[in-house]
Amino acid sequence: MPKSAPTMRLDRYLATVTDYSRSEAKRLIKAGEIAVADRVTTDPGYPVADGDDVSLQGHLLRPPGPRYFMLNKPPGYVCAAKDRRHLTVLDLLDEDNPERLHAAGRLDIDTTGLVLLTDDGQWSHAITSPQRQCWKRYRVGLAEDINDKTVEHFARGVFLKDDKARTLPAELEVLGPREALLSIQEGRYHQVKRMFAAEGNAVVTLHREAIGAIELDDDLDEGAYRPLTKEEIDSV
Ligand code: URA
């Protein structure tokens, strides 16, 4: 028997694609304001199939597509949906329903730079999943001069305090005695700070410049954001 197309009750569909509550949606349906595939229906349980056109007073309603943004995170903001003490990166967005978005890979409160925000869980999983080994590049300022052996140690992997496995090979490009670019393919807790701590050094500034092929846009001031381009979205 052919499998039938997935459907959603009309009242739930309306509550999903508009700001109406389920009870307001029911009222609109019963009042004959809603048409599915050009036919008015007054049944709140009417099954809407994928691809069906639903209109409200003649205006076509579209389910919102997934959203993708890059943000230049300032210090002092946390990458969380809610925080009792601090502002969150979602507070920087001027978008509808910002609470539906999440950061694909967190930064510490004092770390600045590239944060990707989306409501597409599969897409963000491709960035954060340890199996996918997505490279992240950080510009790091250090308290002490970088040890001659650190490039080699990071390339081989180092043991972080309290972790059993060595870090995966990482690339360190030394830019000055106390400045470097570090590319890592994992996202362990405080990873960059702990890697330098393992070398007897301390991170004083940390700025994420890139995630995979997505580079932080130079035009974005701290706290500013923009939608990702199709090419950036597809690069993940
Ligand atoms: N590594 C850290 O230590 N902190 C960050 O915010 C990101 C990577």
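**Domains, helices and rings**

Modeller: The protein is divided into domain 1 (7-61) and domain 2 (68-234). The model is a predicted one. The C-alpha centres of domain 1 and domain 2 lie 42 Å apart.

Colleague: Why are α1 and α2 called oblique to each other?

Modeller: Helix α1 (residues 10-17) and helix α2 (residues 22-30) pack at an angle of about 120°, with their axes 8 Å apart. Angles of 65 to 115 degrees count as roughly perpendicular and those over 145 as roughly antiparallel, with the rest oblique. The helices α1 and α2 are therefore oblique, and α1 passes α2 in a right-handed crossing.

Colleague: Which residues of α1 and α2 meet?

Modeller: From α1, Leu10, Asp11, Arg12, Leu14 and Ala15 meet Arg22, Ala25, Lys26 and Ile29 of α2. The residues of this contact divide into 5 nonpolar, no polar and 4 charged.

Colleague: What makes the pair of Phe69 and Tyr225 edge-to-face?

Modeller: The count of aromatic pairs comes to 3. For Phe69 and Tyr225, the ring centres lie 5.5 Å apart and the planes stand at 85°. Pairing requires centres within 6.5 Å, and planes over 60 degrees apart count as edge-to-face; the pair is therefore edge-to-face.

Colleague: What does the pair of Phe69 and Tyr225 tie together?

Modeller: Phe69 lies in strand β7 (residues 68-73) and Tyr225 in strand β17 (residues 225-227), so the pair ties together parts 156 residues apart in sequence.

How values were computed:
Residues are numbered from 1 along each chain as its sequence is written. This is a predicted model: local features need pLDDT of at least 70, side-chain atom pairs count only at pLDDT 80 or more; totals for chains, interfaces and linings use all residues. Side-chain values use heavy atoms; hydrogens and water are left out. Domain bounds come from an automatic or database domain assignment. Axes are lines fitted to C-alpha atoms, for helices over the stretch in contact, and angles run from 0 to 180 degrees between N-to-C directions. Helices (H or I, at least four residues) and strands (E, at least two) are DSSP runs, numbered from the N terminus. Angles under 35 degrees count as roughly parallel, over 145 as roughly antiparallel, 65 to 115 as roughly perpendicular and the rest as oblique. A crossing is left-handed if the near helix is turned anticlockwise from the far one by less than a right angle, and right-handed if clockwise. Contact means heavy atoms within 4.5 Å. Ala, Val, Leu, Ile, Met, Phe, Trp, Tyr, Cys and Pro count as nonpolar, Asp, Glu, Lys and Arg as charged, and the others, Gly among them, as polar. Rings of Phe, Tyr and Trp (its six-membered ring) pair if their centres lie within 6.5 Å; planes under 30 degrees apart count as stacked, over 60 as edge-to-face and the rest as tilted.
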